[in-house]
Amino acid sequence: MSVWNPDNIRDVAESVGISSLSNEVVENLSRDVEYRVSQVLEEALKFMRHGKRTTLSTQDVSQGLRVLDIEPLYGYESTRPLRFGEASMGPGQPLFYVEDEEVDFEKLINAPLPKVPREVSFTAHWLAVEGVQPSISQNPTAADARGQELVPKGPGANPNLAAINGNDNVTVKPLVKHILSKELQLYFERICTAVLDEHNDEYRTAALASLRSDPGLHQLVPYFVQYIAEKVTHNLKNLFVLTQMMQLTSAMLDNKSLYVDPYVASIVPPVLTCLVGRRIGENSASLSHFALRDLAASLISMIAKKYAKSSHTLKPRLARTCLKHFLDPNKPLGVHYGAIIGLKAIGGAETVQVLLIPNLKPYESMIRDEISDNGPKKMEAELVLGAIVSSLQSLVKDRAPMANGHAGTGGEELRAKVIDKVGELVGTRIFELGAVQVAYAVVEDQLQLSSA
């Protein structure tokens, strides 16, 4: 039984010239009309609810018709409630119609004209003048700026790139607010102040020990990562600041209660900068930056071992970066030193065997002249050569002990094979140190790694 009145179906059929309809056809059409109307009302109610309203409007019905790919009704877009009048066309046949509003022409003619809309215009104001933001209504107040100091930046914002371009005074408005407690803000400020205190070693040691062991600091991880990146970017000539940033990174990675995995991609660039940076320290002739590169290599080793499982592309990307700097003849010897110890730190003996050894013989020409002369770069070349030999020694440390010793070749034949593979300079240094096991490991085709 349909709720829709069958007589209405017959009236519409007679209006289009169909005089006789069977009761079965009328019943089926009534059910179909009822289904279609309910479908339109369901769609219209969706628009009403999404509009946070409780009254169904004609616009909701029109939108529902559009969704169902039905031509909307025209003439019912009025925002005022419709008033229906009733007219009788005979006994039991009422007709409802919309009453038209009566308009008084005299009032309409004498009504004041509406205001002319304003034309579209553009105005300009200064965001900043020589790095200073003027106090005008268009710019945020100083109180708003102070509230945004400890707010993390959006995912697409990189203030380090702005700093490199000389725009480090531009403030990036964050996409998400991150509220820190007063205690955490104070802790962050104290740690940053203590780490950069050159005159108080105990203060620095206590700050790093606190960061290395204290739990409940997970909210500060993005701030420390951002702080390290900014300090490394702005202080490439200050070895003390760079060293302290590496110590801060080490303390953060050592803290077992901190979940640092999502921030590894942001931690690696500052560490790589200290490892293979071209200009580190005020005096390029000084050898003090080699200690910083050793510290950065130890951090790269820690990152590669600890987070390689969560990021399968981490080790290949690190190795590719170090190999690129190692093979670049235009880089200074300090960069080559960092790249060599970096390759050793990333993958140990396997990386040395696959990436370092095949390129040692061509690389020998870059340092041969520096070592043979007594020039200012002789010490740097000696350190690079020592790093190469130290990397080759990892082949022996990571090997399983051989029960039957080494097979047959020795003496001059072994020396000739080693020199042919790694070059005369490196090969001679290996035999000067008496590292026979290293020599055998170098000439073997396959590396036998120790099994657990």
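**Basis and conventions**

Helices (H or I, at least four residues) and strands (E, at least two) are DSSP runs, numbered from the N terminus. This is a predicted model, in which local features need pLDDT of at least 70 and side-chain atom pairs count only at pLDDT 80 or more, while totals for chains, interfaces and linings use all residues. Residues are numbered from 1 along each chain as its sequence is written, and side-chain values use heavy atoms, with hydrogens and water left out.

Ser-2 is placed in the segment before helix H1 (6-15). Because its relative accessibility is 6%, Ser-2 counts as buried (buried means under 20% relative accessible area, exposed over 50%, partly exposed in between; 1.4 Å probe, protein chains only). With residues up to four places away in sequence not counted, Ser-2 touches Glu-27, Ser-30, Arg-31 and Glu-34, where contact means heavy atoms within 4.5 Å. The C-alpha atoms of Ser-2 and Asp-32 are 9.1 Å apart, although the two are 30 residues apart in sequence.

At the start of H1, the backbone nitrogen of Asp-7 has a side-chain oxygen of Asn-5 within 3.1 Å. Just after H1, Gly-17 takes a positive phi of about 95°.

**A partly exposed loop residue**

Leu-56 lies in the loop that joins helix H2 (23-50) to helix H3 (58-67). Its relative accessibility is 34%, so Leu-56 counts as partly exposed.

**Thr-249 in helix H10**

Helix H10 (residues 239-254) contains Thr-249, which counts as buried because its relative accessibility is 1%. The side chain of Thr-249 reaches the backbone oxygen of Met-245 at 2.8 Å; this is a polar contact, a pair of N or O atoms within 3.5 Å, for which, within protein, one must be able to donate a hydrogen and the other to accept it, and residues adjacent in sequence count only if both atoms are side-chain atoms. Leaving aside neighbours within four places in sequence, Thr-249 is in contact with Ile-228, Ile-267, Val-271 and Leu-299.

**The nonpolar core**

A nonpolar core is a set of buried Ala, Val, Leu, Ile, Met, Phe, Trp, Tyr and Cys residues joined through side-chain atoms within 4.5 Å. The largest one has 91 residues, and those with the most contacts inside it are Phe-224, Met-246, Leu-248 and Leu-392. Helix H12 (residues 289-307) gives the most to this core, with 10 residues.

Residues up to four places away in sequence not being counted, Leu-248 touches Ile-191, Val-195, Leu-208, Leu-211, Phe-224, Tyr-227 and Ile-228.
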